[in-house]
Amino acid sequence: MIPKTFTQEIRLEDGRTITIETGKLAKQADGSVVVRMGNCMLLATAVSARQASPVDFLPLTVDYREKFAAAGRFPGGFFKREARPSNEEVLTMRLVDRVLRPLFPKDYHAETQVMIQLMSHDETVMPDALAGLAASTAIQLSDIPFEYPISEVRVGRIDGAFVINPSKAQLATSDIDIMIGASEDSVAMVEGEFDEISEEEMLEAISFGHAAIRDQIKAQIALATEVGKKEVRTYEEEDQDEALEKAILDATYKPYYEIAKKGLSKADRSELFSEVKDNYKATLGEEVLEEKGELVSRYLSSSQKKAVRDLILEEGIRLDGRATTDIRPIWCEVDYLPSTHGSALFTRGETQALATATLGTSREANIIDLPTDQGEETFYLHYNFPPFSTGEARPLRGTSRREVGHGNLAQRALKKVMPDNCPYTVRVVSEVLESNGSSSMATVCAGTMALMDAGVQIKKPVSGIAMGLITEGDRFAVLSDILGDEDHLGDMDFKVTGTADGITACQMDIKIKGLRFDIMTKALNQAREGRLHILKHLTDTIAVPNADVKAHAPKMINRRIPNEYIGALIGPGGKVIQELQKLSGCTIVINEDPVTEEGIVEILGTSPEGIAMVEAKIDSITFKPVVGNTYQVKVIKMLDFGAVVEYLDAPGNEVLLHVSELAWERTENVGDVVNMGDVLEVKYFGIDSRTRKEKVSRKALLPRPPKKD
């Protein structure tokens, strides 16, 4: 029997619809939903264990996968099966996770999985924009404790008009690409890239997206009501001891406050904070610590958090002694690594990033092969965050989701200023060597300088800053250039990157309800002042991109040739191009342009002579003499009936200079007129109608002798 299904429809302003349906698929999950827009279909499920996990946090997994079958394609590679998630899938997981995670109860520690999969793909729909809606709806249909529904949308701006969930084709002409996650009352997450827009324009886009999110939340509530909203499950709540909490606050708050006020370094501050904790624990008996040790640690952390936050709100003093708008000391250096194509070191306070830029051919492009997207990236950035950067020793388990996300943010920030006609594939790698707040923004700054040092003609330099927020009732403080502790103890992490003329990328996570737009406006304006301050340090270090690449870096020359000559340049079995690469020391890559029906030849080499050799060979292969023109030639072979000559402008291009075209007088012996190695001028006559061969003449350029009487 076909099960009963329940459906709600969401109508967008332009007439497109999104439907959310439950009751047909995955009914053993705690909650499941199918979200459909056009032919794009996502299945989202939510399942949570009935017993709490022994860990002191919520073990939440948000998983997003795109199935190749959804697009009628096979997975690439040797094993024809989906394997580890792609970077793009990881980025979608992070977008959803960052909005969901804060809305579970703080004392809910049951293993929880939210799984979203693309089951059917539509080229006109970008599925990541629907993932947040799908995840939240699945939770709303379950009995899992969750504060309130949320949703996410993408906003673009095409020809000045905002669009909800634009297609990939529309995004190509959009100057805004922003993902917004929000509840009915407040914005919780923002991430996007922009063509140097203003702070006001960004706020307009967020407001527009939030209005669409409210409609999606209403549909979730209506669907849950129609199905019959389940009662929220009961779970074992964390132990509480109000008397112990008050005792710890009374004993440790003031010492914490005084330490926070000293403006110490991260290491010194941490040591003194630890002393306060250890001294208090020493006043408790072993029996109390054994029974309530977890509560003691939790209340000690809460006391420290309150002291730090109160210091900022009451006195405007931060952990390192700065005022709320101050930026930490900055120093920069370029050309630090002698063998790289470009390098830069950026240090701000206790955060340091070393970036390198590497130049290559199209062969080094990053290949994208996904069910929803295929293509190449000729600019990409990788971010590495080793344990030593925070003074830790922990297992190395490959690239983390955090590294993928931070690298993507920095890449989006910088790709907007890459030159339109950059001949290279460019890879930037950021090695975070120290971290105490916003290493991703340090990566943007170091990456900008590394590109300029490499001679990449970026349009404008880009800087970045991370903003924080402390709120208590009606009081609030916006913090510029936050520390790691301020990120952990604060209510917002708002990263903004841009040029002197506007914003290129952003990422914002909010940990509180109801962030007011006036606070967001203040944060953006304060961020602009900080960005420009940091930008000056970058441009004082390197004002403009180097005019050329370094001597040891490869130079790139692009040549276009008619498709008919590609075979001749490659040669039988690749013999010509392989020999040319060996002799010249250059890398030669040939691609076909389907639009112009030409071959694009990329010549990459460090030797000007080697590059010139390749160019000469291309000129030789593609050389076509013009009828009526005069050319210099060299005699390379003597025959009884003429001389074989080679065009000096196109070595390898040979033609027969017939004995009858050597001179006006009758020539019995070719050697009487020319010899091996002679350089002479000839006139080109094209294809001879009688012999069907190319004809050149020396005598045509000589004075014609007078006729004999």
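Guide: Let's start with contact, which means heavy atoms within 4.5 Å. This is a predicted model, in which local features need pLDDT of at least 70, side-chain atom pairs count only at pLDDT 80 or more, and totals for chains, interfaces and linings use all residues. Residues are numbered from 1 along each chain as its sequence is written, and side-chain values use heavy atoms, with hydrogens and water left out.

Visitor: Which residues is Leu60 in contact with, leaving aside its neighbours within four places in sequence?

Guide: With those neighbours set aside, Leu60 touches Asp97, Arg101, Phe104, Thr112 and Val114. Leu60 itself belongs to strand 5 (residues 60-66); strands (E, at least two residues) and helices (H or I, at least four) are DSSP runs, numbered from the N terminus.

Visitor: Is Leu60 buried or exposed?

Guide: Buried means under 20% relative accessible area, exposed over 50%, and partly exposed in between, using a 1.4 Å probe and protein chains only. Leu60 has a relative accessible area of 8%, so it is buried.

Visitor: How many residues of strand 3 are buried?

Guide: Six of the seven residues in strand 3 (residues 31-37) are buried, so the strand is mostly covered.

Visitor: Which strands pair with strand 3?

Guide: Two strands pair if DSSP finds at least two bridges between them. Strand 2 (residues 17-22) runs antiparallel to strand 3, joined by four bridges, and Glu21 stands opposite Val34. Strand 4 (residues 40-52) is also antiparallel to strand 3, over seven bridges, with Ser32 opposite Thr45. The hairpin of strand 3 and strand 4 has two residues between the strands, and there Gly38 takes a positive phi near 60 degrees.

Visitor: At what angle do helix 6 and helix 7 pack?

Guide: Axes are lines fitted to C-alpha atoms, for helices over the stretch in contact, and angles run from 0 to 180 degrees between N-to-C directions. Helix 6 (residues 266-282) and helix 7 (residues 286-315) pack at about 140 degrees, with axes 11 Å apart. Angles under 35 degrees count as roughly parallel, over 145 as roughly antiparallel, 65 to 115 as roughly perpendicular and the rest as oblique. The two helices are therefore oblique to each other.

Visitor: Which residues of helix 6 meet helix 7?

Guide: Phe273, Lys277, Tyr280 and Lys281 of helix 6 do, and their partners in helix 7 include Leu289, Val296 and Leu300.
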